[in-house]
Amino acid sequence: MSDPIKFDSVHPIGDTDVNALPVKDLGPAIAFYKHVLGFSLISKDSKKAVLGRDTAEIGLEINALDPEQISCYFSVSPLDALWQEYTDKGIEPSPIRVDSYNGKSYRVFFAKEPYGVCFCFGEEII
């Protein structure tokens, strides 16, 4: 049996605030993050929700930001298992590729949620 998928951390790409990812309506967004991306709801009020998967936490917020301009990186392992999980759920992630950042190499893939936020999922090549 393979190791379970683990989300270790989340990091902003550019000016993204990972605690305030923009959504127009919390209900459908929370449902997508829970049922498709595998997150759990931690807390919610009328304008914001906090979700987590393992030790990675994000915030969804009703705000005026453009979701098409928002991106974040999730450190995960094993990457291939997450890619397959999302493929099976119909997310259509990008092919896995190797990228370099700060002198380190990472295997990564990208996926966009239906509200416009782009996610990069990756694991460091050791």
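Which side chain meets that of Asp99 in a salt bridge? In this predicted model, the partner of Asp99 is Arg97, at an N to O distance of 2.9 Å. Asp99 is partly exposed, with a relative accessibility of 25%, and Arg97 is likewise classed as partly exposed, at 43%.

The structure contains seven salt bridges. One of them joins the side chains of Arg53 and Glu85, with 3.1 Å from N to O. Arg53 lies in strand E4 (residues 48–53) and Glu85 in helix H2 (residues 79–88), so that the pair links distant parts of the chain, 32 residues apart. Arg53 and Glu85 are both buried. Glu85 also meets the side chain of Lys89 in a salt bridge of 3.7 Å, N to O. Lys89, with a relative accessible area of 39%, is partly exposed.

The largest nonpolar core comprises 32 residues. Phe7, Tyr33, Ile58, Leu60, Phe74, Phe119 and Phe121 have the most contacts inside this core. Helix H1 (residues 26–35) gives the most to the core, contributing five residues. The contacts of Leu60, leaving aside residues up to four places away in sequence, include Leu26, Ala29, Ile30 and Tyr33. Leu60 also touches Leu21, Val23, Lys47, Lys48, Ala49 and Leu51.

How values were computed. Residues numbered from 1 in each chain as written. Predicted model: local features only at pLDDT ≥ 70, side-chain atom pairs only at ≥ 80, totals over all residues. Heavy atoms only, no water. Core = buried A, V, L, I, M, F, W, Y, C linked by side-chain atoms within 4.5 Å. Buried < 20%, exposed > 50% of the residue type's maximum accessible area, 1.4 Å probe, protein only. Helix = DSSP H or I, 4+ residues; strand = E, 2+ residues; numbered from the N terminus. Contact = heavy atoms within 4.5 Å. Salt bridge = Lys/Arg side-chain N within 4 Å of Asp/Glu carboxyl O.
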